[in-house]
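Subject: Structure handover and findings

Hello,

Here is the structure we discussed. Please look through it first, then read my notes below.

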Amino acid sequence: MKQYRLNPQQGAGLIEVLVTVLILGTSLLALAALQSKSLQYNHSAYLRSQANILAYDILDRVRINRANVANYSLGVDDAKPTGSTLAQTDMNEWLTNIETMLPGADGGIECVAATSFCTVTIQWAEQNSSGDASEDESEFVYTTRL
């Protein structure tokens, strides 16, 4: 006569597999979120680096034309200068570079001839994940003495 053995733990392997799949799925979602944040922060650092390079660009142009430091004055919301002087040409090219390299960007410079101090301000639009619209505007301000 054949004997049958009762196995009270039938289906335990399936439950273990389901728990493992749940843990693995949650871990993969966390890794995807981490990767997304990493890309966002990397892009933000890239834009800030570009702003830094652009600030140095206009300051080098001012140093070359040091005799006309007072002519390098442009508000952030001002239109591009259209004159033919070196200062106006420099600022026009610089603003064109800003618009090309940074999204929704604008820039300004203020130089005081008496103290040889120049302040460069660059603003650009940047998408943030917080949902707060006030955080979507980034600003880079650099002050130096020529």
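**Salt bridges**

Asp60 and Arg63 sit 3 residues apart in helix H1, so about one helical turn separates them. Helices here are DSSP runs of H or I with at least four residues, strands are runs of E with at least two, and both are numbered from the N terminus.

Before the rest, the ground rules. This is a predicted model: local features need pLDDT of at least 70, side-chain atom pairs count only at pLDDT 80 or more, and totals for chains, interfaces and linings use all residues. Residues are numbered from 1 along each chain as its sequence is written, and side-chain values use heavy atoms, with hydrogens and water left out.

Asp60 and Arg63 form a salt bridge, with their closest N and O atoms 3.4 Å apart. The term means a side-chain nitrogen of Lys or Arg within 4 Å of a carboxyl oxygen of Asp or Glu. Asp60 is partly exposed at 40% relative accessible area. Arg63 is partly exposed too, at 28%. The cut-offs: buried is under 20%, exposed is over 50%, and partly exposed lies in between (1.4 Å probe, protein chains only).

The whole structure holds 5 salt bridges. Arg61 takes part in two that I want to point out. One joins Arg61 to Asp90, at 3.4 Å from N to O. Arg61 lies in helix H1 and Asp90 in helix H2, so this bridge ties together parts that are 29 residues apart in sequence. Arg61 is buried, at 16%. Asp90 is buried as well, at 8%.

The other joins Arg61 to Glu93, at 2.8 Å from N to O. Glu93 is partly exposed, with a relative accessible area of 39%. Asp57 also belongs here: Asp57, Arg61, Asp90 and Glu93 are linked in a network of salt bridges.

**Aromatic cluster**

The structure has 2 aromatic pairs. Rings of Phe, Tyr and Trp (its six-membered ring) pair if their centres lie within 6.5 Å; planes under 30 degrees apart are stacked, over 60 edge-to-face, and the rest tilted. Tyr56 and Tyr142 have ring centres 5.2 Å apart and planes at 50°, so this pair is tilted. Tyr56 is in helix H1 (residues 12-64) and Tyr142 is in strand S4, 86 residues apart. Both are partly exposed: Tyr56 at 38%, Tyr142 at 23%.

Tyr142 also pairs with Phe140. That pair is stacked, with 6.4 Å between centres and 5° between planes. Phe140 is buried, at 12%. Tyr56, Phe140 and Tyr142 thus make one aromatic cluster.

**Disulfide**

There is 1 disulfide, counted as a pair of cysteine sulfur atoms within 2.5 Å. Cys111 and Cys118 form it, with their sulfur atoms 2.0 Å apart. The torsion about the S-S bond is about 115°, so the disulfide is right-handed. Both Cys111 and Cys118 are buried.

Cys118 leads on to Thr144 in strand S4 (residues 137-145). Thr144 is in contact (heavy atoms within 4.5 Å) with Leu59, Arg63, Ser116, Phe117 and Cys118, leaving aside neighbours within four places in sequence. Thr144 is buried, at 14%.

**Nonpolar core**

The largest nonpolar core has 25 residues. Such a core is a set of buried Ala, Val, Leu, Ile, Met, Phe, Trp, Tyr and Cys residues joined through side-chain atoms within 4.5 Å. Val62, Trp94, Leu102, Ile109, Val120, Ile122 and Trp124 touch the most other members. H1, helix H2 (86-101), strand S2 (106-112) and strand S3 (117-125) each supply at least two residues of this core. H1 gives the largest share, 7 residues.

Trp124 deserves a look on screen. Setting aside residues up to four places away in sequence, Trp124 touches residues including Leu47, Arg48, Ala51, Leu102, Pro103 and Phe140.

Best wishes
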